[in-house]
Amino acid sequence: MSNRTHDDGHDTRPAKAADDPADAQRDALLALLNELLEAERAGARVASETATEIDDPELHRLVAGIRQDEAHGCAVLVEAIRSLGATPTHATGALHEKAMAIDDLAERLAFLNRGQRWVVRKLQALLPTLAQPDMHHALTQMLVSHEKNIGAVDARLREKGAGSV
């Protein structure tokens, strides 16, 4: 029978190298997925709270759709993190507080779009490195929904002018 611990409880197996490239790569992926999750949570909250301030039905539908896509992005990221055997963060990104401090609706939507563009850049950099097909597919769909929402908000801001949405 193999005894893997000393009498004092210390493991006798060789310690795993702290700089194991596979572990470092997994840790970096988890850090990025959690960072994206915080951003998606913030975006969902901003869109949800902003939607309550909107009287225009068309704009309300647009912002409510963004909220739905952001919430779906949260679910995708939670699943991705769990698929790697980790626990997702419960934090919400700083974008929420910063965005809600902007009173002007057009400026807040432009700020939200900057956050969406940040997510797009992160996903564009991440996707070519992913080996997990299911995660790649889900994050690609998330990227596409962000690009669609950015385009819709940009179009709305151009239509109505920078000062009024």
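Reply: Start with Leu-139: setting aside neighbours within four places in sequence, Leu-139 is in contact (heavy atoms within 4.5 Å) with Leu-33, Val-76, Leu-77, Leu-123, Leu-126, Leu-127 and Leu-130. Keep in mind that this is a predicted model, where local features need pLDDT of at least 70 and side-chain atom pairs count only at pLDDT 80 or more, while totals for chains, interfaces and linings use all residues. Residues are numbered from 1 along each chain as its sequence is written, and side-chain values use heavy atoms, with hydrogens and water left out.

Leu-139 also turns up in the largest nonpolar core, which has 25 residues; Leu-33, Met-135 and Leu-139 have the most contacts inside that core. A nonpolar core here is a set of buried Ala, Val, Leu, Ile, Met, Phe, Trp, Tyr and Cys residues joined through side-chain atoms within 4.5 Å, and buried means under 20% relative accessible area with a 1.4 Å probe, protein chains only. Helix 1 (21-51), helix 2, helix 4 and helix 5 (133-160) each put in at least two residues, with helices being DSSP runs of H or I, at least four residues, numbered from the N terminus. Helix 1 gives the largest share, 7 residues. There's a second, separate core of 18 residues, and Leu-59, Val-63, Leu-95 and Val-153 are among them.

Now for helix 2 against helix 5. They pack at about 160°, axes 10 Å apart; the axes are lines fitted to C-alpha atoms over the stretch in contact, and angles run from 0 to 180 degrees between N-to-C directions. The pair is therefore roughly antiparallel, the word for angles over 145 degrees. Among the residues that meet are Val-76 and Leu-77 in helix 2, and Met-135 and Leu-139 in helix 5. By class, this contact has 12 nonpolar, 5 polar and 5 charged residues; Ala, Val, Leu, Ile, Met, Phe, Trp, Tyr, Cys and Pro count as nonpolar, Asp, Glu, Lys and Arg as charged, and the others, Gly among them, as polar.

Helix 2 (residues 57-83) also packs on helix 4 (residues 105-126), at about 30° with axes 13 Å apart. That makes these two roughly parallel, a label for angles under 35 degrees. Here Leu-59, Val-63, Ile-66 and Glu-70 in helix 2 meet Leu-105, Leu-109, Leu-112 and Gln-116 in helix 4, which splits into 6 nonpolar, 1 polar and 1 charged.

Key
Angles under 35 degrees count as roughly parallel, over 145 as roughly antiparallel, 65 to 115 as roughly perpendicular and the rest as oblique. Buried means under 20% relative accessible area, exposed over 50%, partly exposed in between (1.4 Å probe, protein chains only).
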